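Please keep the sequence and the model in view while reading the numbered points.

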Amino acid sequence: MKYVLRSNGLTKKYGDKMIVEDVNLEVEQGDIYGFLGQNGAGKTTVFRMLLGLIKPLRGTVEWFGENPSTASFNRIGSMIETPGFYPNLTVWDNLDIHRRMCGVTDSFVIEEHLKLVGMEGMGKQKVKKLSLGTKQRLAIARTLLHRPDCLILDEPVNGLDPIGIRETRELLLELRNKRSMTIMISSHILGEIGQMVNRIGIIHGGKMIEQLDYAELQRRNRTYVEIRVDNDGKATWILEQQLHIKDYTVWEKGRIRVYERLEDTGMLNKTLLDGGVIVSEMSLCSETLEDHFVKLTGGVQK
Amino acid sequence: MIEVLYCEWRKLRKSAAFIATVGLALLCPVLFFIIKMSDNNFEAIVTQDWNWAYYLDNEKSLSVLMAGLVLIAVISSYSWVREHGDNTLNVLFTYPVHRLTIIASKLIIIALFLLGYNLVDTLISHMLIMLAKGEWIPGHIIVDNMINLSLSYLFQVALIPLFFLLSMISKNIILPVVTSIIFTFVIFAWGESSYLNNLPFGGPFFPYLWYDDSVKGLSLTQVLWENGAIMVVCLGVIVHQTLRRDVR
């Protein structure tokens, strides 16, 4: 098992506030690792510590089996938060500066990577005139320019339209398959993340609460019957008192998920109707990554 | 290192700071010449009463005083503040280049910009006075002028770390520029006296008064020590800030 990135006990505090505490990460070669967390959970702080932008209070980081060094950054491409560019310079100039700073000698890689992200022919445009979505594409091109072995991407699809999101997903999968690139990505769009990752880590309140293979998560995710009702208080009373169902969740107002007696949905429906509850919808579903994330991090009513 | 220097040059070249530098380098000597022509001192310039050195030293000391300190503050702080404003520090400090190399490159490029400013300013003022007098400047005048310019330039370079550090601490251009304006006013008030010994930021102005017989008690050694000490201390703090600083 070859680890590209490992962290042990990463902790960061500003003043009295603990931002990140004892975060242990393991990213294997060839992984697309989804790093998930709510706003303010500490994802960006962890990324910054991994990249040496922030000094951790304690803890260690290992890149490619060694302590991080200036040289190891040549094997890493990163995009943290809103991508920064020199606005008065052109697209080509910005990428050329990156190319030179990373020690890439051939300038043809610039056009090659602009084409890769669908920005062919835009080299002479000034960056300040680009939209947010185009800047995101440019940032992705920049992270790939020096052919890194590993990418760290913080919200890479932020600002992209649905087609751009899909193209980015396809590009990242292609990079993993064809260039054997390891990718660590964070995103709020859990549906998109779920389509490309093979491993996830969930951070909440600065602490790593779960880290597992996505296949294992899918295996664990439960099937349920989702019922939309007009009165969830009455409906839950009927479930408990008349049907003796204990394993259920009021997902949100008017939506109940029942995890047992899935083979008897007819009886479920009839009992609720007889009890005076209007059932507007009933369907058999499986838990998604989003469901799992919400369950772990809060937001579920019972 | 060469590539890093080239990248820093490219960033600064297309900036407002570069345009300001070029503009001032062209404007100051021309403005001075026009003022001198218009205040009826022109006859004095072309006679023996007002010699070459007097005109050139006056022009240079005024350009250093009126624009030099503020220009040093603007260029020094711009280089750092823009990286913050454009959110490019996240990228800059993740390159396979040591942070200190990046900072050193910025300081070197700022020094080179200042050198360019001083040379262009000097060249234009020399050309204008030669045109006015209708003759070549004597060689020994040029040599003296270059010695003064070199000394003034060294003192200007010694101030770069101070203004760079102020921009690092404040993350804006206002504090360094306001500081330079205050320095300028102080030199206006006390510069032509032995108080200049005790004004470490008066170094760039010093060479043009040192040769002035009417100003007594100036000590080159003292000014060298003070400017040197400020430069070393500021560089030390910059190194510490660079290595320890979190990029948030």
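Predicted model: local features only at pLDDT ≥ 70, side-chain atom pairs only at ≥ 80, totals over all residues.

1. Setting aside neighbours up to four places away in sequence, B:V81 makes contact with B:S167, B:K171, B:N172 and B:I173. B:V81 belongs to helix α4 of chain B, which covers residues 52–85. B:V81 is classed as buried, because its relative accessibility is 16% and the limit is under 20%. As for distance, 42 Å separates the C-alpha atoms of B:V81 and B:I137, which are 56 residues apart along the chain.

2. A:G37 sits in the loop that links β3 (32–36) to α1 (43–50) of chain A. With a relative accessibility of 6%, A:G37 is counted as buried.

3. Is A:D291 buried or exposed? Its relative accessibility is 7%, and A:D291 therefore counts as buried. Beyond residues up to four places away in sequence, A:D291 touches A:Y224, A:W251, A:R257 and A:S286.

4. The meeting of the two chains deserves a paragraph of its own. On chain A, 29 residues are in contact with 31 residues of chain B. The two chains bury about 2,700 Å² between them, and 55% of this area is on carbon and sulfur atoms. Between chain A and chain B there are five salt bridges. One of them joins the side chains of A:D96 and B:R10, with 2.5 Å from N to O. Across the same interface, 16 residue pairs are in polar contact, both members being at pLDDT 80 or more.

5. Which elements of chain A give two or more residues to the side that touches chain B? They are β1 (3–14) and α2 (91–101). The greatest contribution comes from α2(A), with seven residues. By type, the residues on this side of chain A comprise 14 nonpolar, eight polar and seven charged.

6. Nine of its eleven residues are buried, so α2(A) is largely enclosed by the rest of the structure. Among the buried residues are A:V91, A:L95, A:D96 and A:I97. The buried residues of α2(A) pack against α3 (108–116) and α4 (132–144) of chain A, and also against α1 (2–13), α5 (89–92) and α6 (99–133) of chain B. After α2(A) comes A:G103, which has a positive phi near 75°.

7. The cysteines form the last point. How many disulfides does the structure hold over all chains? The count is zero. For A:C150, the closest cysteine sulfur is that of A:C102, and the separation of 14 Å is too far for a bond. A:C150 is buried, its relative accessible area being 2%. B:C28 is buried as well, with a relative accessible area of 14%.

Terms used
Residues numbered from 1 in each chain as written. Chains lettered and ligands numbered in written order. Heavy atoms only, no water. Contact = heavy atoms within 4.5 Å. Buried area = accessible area lost by both parts, 1.4 Å probe. Salt bridge = Lys/Arg side-chain N within 4 Å of Asp/Glu carboxyl O. Polar contact = N/O pair within 3.5 Å; in protein donor to acceptor, adjacent residues only side chain to side chain. Helix = DSSP H or I, 4+ residues; strand = E, 2+ residues; numbered from the N terminus. Nonpolar A, V, L, I, M, F, W, Y, C, P; charged D, E, K, R; others polar. Buried < 20%, exposed > 50% of the residue type's maximum accessible area, 1.4 Å probe, protein only. Disulfide = S-S within 2.5 Å.
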